[in-house]
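Hi,

Here's the structure I said I'd pass along.

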Amino acid sequence: MKVTLKGGEIREFENGISVADIAKEISMGLYRNACSCRMNGEVKDLRTVVDEDCMLEILTFDDEDGKRTFNHTASHIMAQAVKRLYPDVQLTIGPSIENGFYYDFDCGDKPFGPEDLAKLEAEMKKIVKEGLELEKFELSPSEAVAMMQEKNEPYKVELINEHAEKGEPISFYKQGEFTELCAGPHLMSVSPVKAFKLTQTTGAYWRGDAKNKMLCRVYGTAFPKASMLEEYLTMLEEAKKRDHRKIGKELELFTIMEEGPGFPFFLPKGMILKNTLVDYWREIHREAGYDEIQSPMMLNRALWERSGHWDHYKENMYTTVIDDTDFAVKPMNCPGGILVYKTKMHSYKELPLRMGELGLVHRHELSGALHGLMRVRCFTQDDAHIFMTREQIKDEIKGVVSLIDKVYSTFGFEYHIELSTQPEDSMGAKEDWDIATDALRNAITELGYDYEVNEGDGAFYGPKLDFHLTDCLGRTWQCGTIQLDFQLPERFELEYVGSDGEKHRPIMIHRVVFGSIERFIGILTEHFAGAYPTWLAPVQVKMLPIADRHLDRIYEIKKQLEAAGIRVEVDDRSEKIGFKIRSAQLEKVPYMVIVGDKDIENNTISVRSRKEGEKGAMSVESFIMDIVEEIETKAL
């Protein structure tokens, strides 16, 4: 039996060998660090027996899927600790998530508090020291139900019954006295989970449905080494300091009120920041050959049925009735962009046709998922739709990738690309999906980019490239997207006249760069900790008179700065200069201009930089020249 390993190496093994034993034969170090495997593209257990030729990759904690396996096992350890300490608590589900895991428990009327988490952590440490091995076994649906009924686990019974109709065996994992309904994969034993922390508890409805019972969700994170956990917890503390909700309040940027949960209010300084981003967006899109459009915020049901959103996305849409007709507030801009394209017949000479739209969209999100500007119910999506011929696909994708790269480089972000392929609920023929997927793959390959593949995670109308940027804390955020669409042009019967005089169907690209301007502001705020680059800062210069007698000169200079396009505020409070400087520092203003007797006498200003500290005395003209250059070059 031939096994092709990562990197292309081919090794021969006897049929019927487990992946764990293959890892041992490769190296004991690999075996000790192995979490799971990827066999022929599918993530599986190390217990999996290999009985035919295959592609095999051994996954460690350094691999995302290996990390998920590790955290999933940690969630089982936590559930076992809960059942030992609180045997009447009922279990639901406990998946791995980004940076950790959670488990939802039915604790009755007494949810877990901080003191419970401390007890659970102590019990989890005992379980890990016991070194329990995880054993996988299967039961028939009826046997599985009987076992869970005997253990008084009604949520597990509900889950089993949903799969009972298929008649397939139900898989379980057992560690010591604890047995859990689970498809896996899992570690071979609990021993590698050496460092963990239960981070918080929240409420969560069973199945995310407010009609169901409120459960107690416990979040945690786990690592193979204590040093890795310490590093992560330090990052979390830094993230708390950078929380955009906290900084947004301190810098008077935005707020979210109880009258509109999930609907942000932008305050004057926040609007300056938002409009600066919008101005930049318009500038780079004009340079890249885009025309800006605007489509209505609400359109009738027939349009959303035709686009497929009514069938695939209705639960996330806000609807109403006007003149006895169903309408929906747009969750996406694309159908409106398509209608704009259809306002006239186009020639091949006009293609590619690039249309950008800063559209306000609304999507229903569960209240528990809302999070500052990161997860809201209305946001400005910086959409663009490109209509093109098949021959233009690759070049247009390359153009969008270059535009996204330019934007992220401007803000100092690094990023990686993921290619998402055809999902189960997709529209259209597989041949079109294959052509679209190959076009995306070939374009980024020719540009020299590495990428990861997310099988089955494309949009329902086409495959996509997702751009995940990395902030200063190492966190990743999915922002830019390029979606290649053969389906909506077909559903909307889009046409252009080709060089042969015949009508042809265009291909369509959906793409965003910021993703959501609101969310991008949240990301920027945490990345820069509110200390935005000068070109973005709502207030670029704070002017500080040492005494009231210096105010006339301060306001003269203010006019000069504003005439050069610089955003200026004057602190004219009757406070000591040290107090005013500290206030400006807390406001994270890039520059302070201080004026006293000596400055007036010498016709200079004293400049203090947020980054460099005291810059000393200089002329107003010199200061203006320096700061204007910094703004125009968008220096970081």
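**Backbone notes**

A529 sits in the loop between α16 and β32 (541-545); helices (H or I, at least four residues) and strands (E, at least two) are DSSP runs, numbered from the N terminus. Before going on: this is a predicted model, where local features need pLDDT of at least 70, side-chain atom pairs count only at pLDDT 80 or more, and totals for chains, interfaces and linings use all residues. Residues are numbered from 1 along each chain as its sequence is written, and side-chain values use heavy atoms, with hydrogens and water left out.

Back to A529: its phi is positive, about 55°, although it isn't a glycine. At 18% relative accessibility A529 counts as buried (under 20% relative accessible area; exposed is over 50%, partly exposed in between; 1.4 Å probe, protein chains only).

The other one to check is N603, not a glycine either, with phi near 55°. N603 lies in the loop between α19 (597-602) and β35 (605-609) and is partly exposed, with a relative accessible area of 48%.

Why flag these? Most residues other than glycine have a negative phi, and most peptide bonds are trans.

As for α16 (residues 517-528), 11 of its 12 residues are buried, so the helix is largely enclosed by the rest of the structure.

Cheers

Note on methods. The expected span of a helix is 1.5 Å times one less than its number of residues.
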